[in-house]
2 protein chains.
Amino acid sequence: MIPDVVRDLGHLTLGSRLKRLGERLQAHTQQILDACGLEIQAAQFTYLAAIDRMGPSTIGELAEAVGASQPGATRTLAQLADAGLVDIRTASEDQRRRTVVLAKRGRELVEAGKRDVWPVIEAAVRDLCAPAKGPLLAQLTALEDGLVAVPLRDRAAAVKPARKAAR
Amino acid sequence: MIPDVVRDLGHLTLGSRLKRLGERLQAHTQQILDACGLEIQAAQFTYLAAIDRMGPSTIGELAEAVGASQPGATRTLAQLADAGLVDIRTASEDQRRRTVVLAKRGRELVEAGKRDVWPVIEAAVRDLCAPAKGPLLAQLTALEDGLVAVPLRDRAAAVKPARKAAR
DNA sequence: AAGTGTTCTATAGCATGTTATATAACGTTG
DNA sequence: CAACGTTATATAACATGCTATAGAACACTT
């Protein structure tokens with residue numbers, strides 16, 4: 001039986017463990033997004049949500065809002081612009097700044113997400129977290145095990161049984 | 001004031017948030033490793049620890065032990081071999097398998113880590129986690145804020161004041 | 001108004017994670 | 001024992017994160 005070294009080492013490898021769990025959870029979330037027909041990466045959605053919440057913003061502001069580096073924001077927002085989801089235009093007052101706004105397709109995607117998908121994901125993750133109690137490491141174990149036992153997508157289906165499973 | 005969207009969205013963006021926090025924590029851990037003169041990436045250390053714990057193992061076994069994909073393990077272990085920290089040799093019985101063992105420098109690094117650095121990192125992370133209580137999201141907030149308030153390296157210094165700060 | 005420092009974004013290059021697939025060795029089976 | 005399926009590793013291509021730095025625009029200061 002092969003051990004889970006990152007889990008077994010406890011606080012020593014907490015960084016690796018959080019990163020790994022975050023990646024797994026994002027991958028599960030991606031499955032739900034795909035199943036709902038939202039053609040976007042889970043990580044990109046945080047940027048759309050930030051623009052939706054903050055209104056038109058500069059690249060630097062969005063980087064700070066999602067907690068990423070400025071070059072990371074520049075690249076991801078350029079991808080979203082290529083996909084036609086946002087418009088990036090040079091600000092009129094200060095030509096260094098670039099203002100990012102939701103394009104028509106981006107607005108539609110955010111509206112559809114808010115209405116149909118985000119509540120489902122939130123409920124599924126909440127369901128995953130529900131049995132986790134006590135110290136952080138114990139809660140992480142509960143999440144890891146819970147994700148293997150019942151994938152997030154199945155939890156989403158349970159929350160919203162009317163939705164067709166695959167498309 | 002720019003909001004923290006990933007934090008504010010709660011369970012919806014838990015995956016992104018865990019990943020982000022894991023990366024930040026790893027970056028702080030890296031500072032401690034660097035300060036102690038251990039010339040290795042934090043992520044690579046999980047592989048060395050796995051070999052140390054499991055003894056000579058195949059690439060596939062190590063991938064499973066650290067919870068990574070097989071190609072990820074292949075690449076990282078190749079880097080460690082390039083750095084002279086492990087030896088990778090084809091198994092005698094089954095020529096498909098490659099057995100990874102700690103090289104002399106790898107053993108020294110693990111011994112030095114176990115003796116001088118790992119206990120410090122563990123104590124520092126434990127100190128960071130100590131005030132975190134209650135639901136998962138609240139604990140994550142505590143960790144994020146705690147990391148900003150007092151970097152991990154300062155917590156390590158408090159634990160082991162005899163160690164010189166920089167080198 | 002020219003020069004200098006600051007700010008904002010873009011680019012380059014690296015690290016590390018993934019999936020899909022190629023390749024080689026093993027094992028089984030007709 | 002040849003053929004075929006399985007297993008183990010390697011490679012390719014992509015996704016995202018980072019730091020360091022370049023380049024352009026702005027804002028002072030003299």
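Predicted model: local features only at pLDDT ≥ 70, side-chain atom pairs only at ≥ 80, totals over all residues.
Residues are numbered from 1 along each chain as its sequence is written, and chains are lettered from A and ligands numbered from 1 in the order in which they are written.

**Exercise 1.** Describe the surface near DNA strand D.

*Solution.* 
- Step 1. Two or more residues each come from helix 5 (70-82) of chain A, and from helix 4 (59-66) and helix 5 (70-82) of chain B. Helices are DSSP runs of H or I, at least four residues, and strands are E runs of at least two, numbered from the N terminus.
- Step 2. Sort the surface: 5 nonpolar, 9 polar and 6 charged. Ala, Val, Leu, Ile, Met, Phe, Trp, Tyr, Cys and Pro count as nonpolar, Asp, Glu, Lys and Arg as charged, and the others, Gly among them, as polar.

**Exercise 2.** Work out how helix 2 (residues 14-35) and helix 6 (residues 104-129) of chain B pack.

*Solution.* 
- Step 1. Their axes are 10 Å apart, at an angle of about 150 degrees. Axes are lines fitted to C-alpha atoms over the stretch in contact, and angles run from 0 to 180 degrees between N-to-C directions.
- Step 2. That makes helix 2 of chain B roughly antiparallel to helix 6 of chain B (angles over 145 degrees count as such).
- Step 3. Helix 2 of chain B contributes B:Thr29, B:Ile32 and B:Leu33 to the contact, and helix 6 of chain B contributes B:Val117, B:Val120 and B:Ile121 (contact: C-beta atoms, placed from the backbone, within 7 Å).
- Step 4. These contact residues divide into 5 nonpolar, 1 polar and no charged.

How values were computed:
Parallel < 35°, antiparallel > 145°, perpendicular 65-115°, else oblique. Contact = placed C-beta atoms within 7 Å.
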